[in-house]
Amino acid sequence: MSTLDGGVLPDWSSYGVVAASGVLAAALLLAAGIFSVALLLVLTVFVTAVVTYTWSRRIEGPRRAKDRLVTLMIVAAFGLALIPLLSLVFEVAKRGIPGLSLEFLTESARGHIGGGGAAHALVGTLVITGAAALISIPVGLMAAIYLTEYGGGRLGRALTFFVDVMTGIPSIVAGLFAYALFALIFGPGIRLGVMGSVALSVLMIPIVIRTSEEVLKIVPNHLREASYALGTPKWRTIVKVVLPTAFAGLITGMMIAVARIIGETAPLLVTTGVVDSINSNPFSGRMQNLAVYAYSEYRTPGVFKQASYDRAWAAALTLIVIVMVLNLVARLIYRRYRTEIR
Amino acid sequence: MGAAGATRAETELGKAEMNAATTGTQSPESVAAAQGRPAKTLETRSVNLYYGDFQAVENVSMTVEPNKVTALIGSSGCGKTTFLRSLNRMHELTAGASVDGEITLDGQDIYGSRVDPVQVRRLVGMVFQSPNPFPTMSVYDNVAAGLNLNAGRVKKSEKDEIVERSLRGAHLWNEVKDRLDKPGSSLSGGQQQRLCIARAIAVEPEVLLMDEPCSALDPVATLAIEDLIGELKSKFTIAIVTHNMQQASRASDITAFFNLEETGKPGRLVEIGATEKIFTSPAQQATEDYVSGRFG
């Protein structure tokens with residue numbers, strides 16, 4: 001045997017060991033009389049780890065054995081992380097689909113006793129979130145430009161610090177802030193769509209700043225210098241070179257920020273309230289978003305309890321679908337417009 | 001420099017910019033006729049350059065002659081690039097960097113208190129070490145970038161002419177004329193560097209600074225750029241930093257040798273003179289050692 005020619009486990013070994021370990025684990029559990037799916041998975045992973053490591057160490061040596069062991073651990077951890085996600089999506093889809101109907105998407109709850117739809121909440125979600133984005137994106141983007149292009153001084157450091165603090169604000173506090181702000185101006189008891197938008201911007205601005213800042217930082221300095229060397233002023237360099245180069249990343253960051261706040265409940269309970277009819281004017285009267293709708297349908301079901309619960313699940317499902325679509329759109333835009341930067 | 005001097009510098013810089021703008025709108029024929037236009041002289045007097053507390057360059061006084069190629073040679077870290085970047089006020093873009101001494105363009109202090117660095121950079125263009133076309137722009141837009149990026153509106157037909165002339169000037173026209181709308185990053189390394197040269201000459205600067213423009217290129221592309229430099233000097237004043245001794249001896253008229261006594265000490269200008277003299281009979285022993293490859 002030459003020095004380069006070490007032993008290698010056969011190609012089928014990884015799957016083979018998993019299958020064999022699964023059978024062995026099942027047999028052990030059945031023999032012990034404590035069979036359950038969760039136990040089976042745990043024991044299978046454990047047996048696979050032991051068998052793979054011992055076998056690989058004997059044939060391939062300790063380095064490859066460790067490699068196989070760590071690979072197995074990572075795959076198992078990935079699977080573990082995936083379980084709650086898949087189970088959540090599956091559960092929401094299973095329970096949400098019965099409540100979905102044309103009526104659910106087009107009718108409001110006004111004038112229906114224990115029936116109606118969530119159109120008012122759908123409109124509310126879009127208006128409140130849209131207005132929040134309208135406030136947060138310009139503010140956040142400009143703050144990020146300040147931080148990456150101008151701010152190295154005390155103001156920049158202070159801004160970074162407060163952005164970090166803002167990221168950690170509990171969402172209900174943002175809601176109370178917006179409520180207090182508007183109560184000061186319009187008196188207590190006020191409920192407006194735009195109050196919800198202000199509350200959500202408090203949550204959204206730090207996310208927009210953070211993601212935009214990261215993206216703008218990646219724009220290589222040599223592009224800025226190339227622009228300066230042509231006698232281009234700084235602001236034009238930012239507008240014509242830095243922002244276009246970072247465009248795809250910026251859009252993705254904003255989509256993620258929107259997805260993050262679209263499902264907020266607590267801050268909207270205190271600012272936009274609960275309502276039954278469609279209201280698309282954020283400056284007048286109460287508004288409701290899908291999350292608050294789901295909450296109130298579940299909290300205070302009507303005469304037909306099951307129908308209310310179904311609508312709550314359907315609202316949750318609609319929300320998840322909206323977020324997924326937003327993420328898909330962000331990915332498409334990223335693929336379409338990303339620029340190769342070295 | 002006094003306030004009166006600063007005003008003079010400012011107005012003359014303004015005038016020079018207008019000149020550049022008018023030459024920029026001439027037809028290709030008239031520019032061809034204007035070949036061998038007199039360019040401007042860059043002069044430095046006791047220039048010291050700093051990064052924070054660290055002094056990178058000490059007491060450099062030299063002249064970059066018009067319509068000649070001046071090569072800056074010397075070992076790594078001796079401040080050649082730093083010095084070059086001070087000539088169009090790019091040095092100060094680094095945080096903490098500062099300049100002391102006088103740098104003049106045809107007698108006007110480019111560091112005068114009332115001089116706008118943006119104006120200086122319009123007159124003193126720069127080509128960088130690695131090709132850096134704007135990745136979001138097409139070949140055409142990259143060349144027109146200086147015109148687009150600067151406020152003045154230029155008619156489409158004029159822009160077409162400037163782009164074609166600049167690409168021809170950079171010996172790139174024949175290779176890219178059929179794919180002007182393709183991204184600049186789709187070109188090869190050598191083509192990208194010539195694209196960057198075309199971009200720099202499209203704004204018709206007086207002086208062209210080149211920071212090791214061939215260090216990322218293969219010998220064939222290098223030769224193409226060197227030929228190009230030889231032609232460009234009829235219209236521009238050129239200063240080029242290079243690590244390649246053959247390149248300095250082939251492409252330059254004047255050579256300046258920079259050196260530093262030891263690491264951590266600032267770089268100094270050891271000797272400047274006609275390239276032939278520097279490479280055959282330099283006055284300083286250090287220069288002789290460096291150009292003959294005995295150290296450095």
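Reader: Among contacts in chain B between residues at least 6 apart in sequence, what percentage join residues at least 24 apart?
Author: For chain B, 71% of such contacts join residues at least 24 apart; two residues are in contact if their C-beta atoms, placed from the backbone, lie within 7 Å. This is a predicted model, in which local features need pLDDT of at least 70, side-chain atom pairs count only at pLDDT 80 or more, and totals for chains, interfaces and linings use all residues. Residues are numbered from 1 along each chain as its sequence is written, while chains are lettered from A and ligands numbered from 1 in the order in which they are written.

Reader: How many helices and strands are in chain B?
Author: Chain B has 12 helices and 10 strands. Helices (H or I, at least four residues) and strands (E, at least two) are DSSP runs, numbered from the N terminus.

Reader: And what share of chain B counts as buried?
Author: Of its 296 residues, 47% are buried. A residue is buried if 20 or more other C-beta atoms lie within 10 Å of its own, exposed if 12 or fewer, and partly exposed in between.

Reader: Is Tyr150(A) buried or exposed, then?
Author: Tyr150(A) is exposed, because 12 other C-beta atoms lie within 10 Å. Tyr150(A) belongs to helix H5 (residues 119-150) of chain A. Its C-alpha atom is 9.9 Å from that of Lys234(A), 84 residues apart along the chain.

Reader: Turning to H10(A), where does this helix bend?
Author: The bend is at Phe247(A) and amounts to about 65°, taken as the angle between axes fitted to the seven residues ending there and the seven starting there. Between its end C-alpha atoms H10(A) spans only 34 Å, whereas a straight helix of 28 residues would span 40 Å at 1.5 Å a residue. That expected span is 1.5 Å times one less than the number of residues.

Reader: At what angle do H10(A) and H13(A) cross?
Author: The axes of H10 (residues 234-261) and H13 (residues 305-337) of chain A come within 8 Å and cross at roughly 175°. Therefore H10(A) is roughly antiparallel to H13(A), a term for angles over 145 degrees on a scale from 0 to 180 degrees between N-to-C directions.

Reader: Which residues meet there?
Author: Phe247(A), Ile251(A) and Met255(A) are among those in H10(A), and they face a group in H13(A) including Leu326(A), Ala330(A) and Tyr334(A).

How values were computed: Angles under 35 degrees count as roughly parallel, over 145 as roughly antiparallel, 65 to 115 as roughly perpendicular and the rest as oblique.
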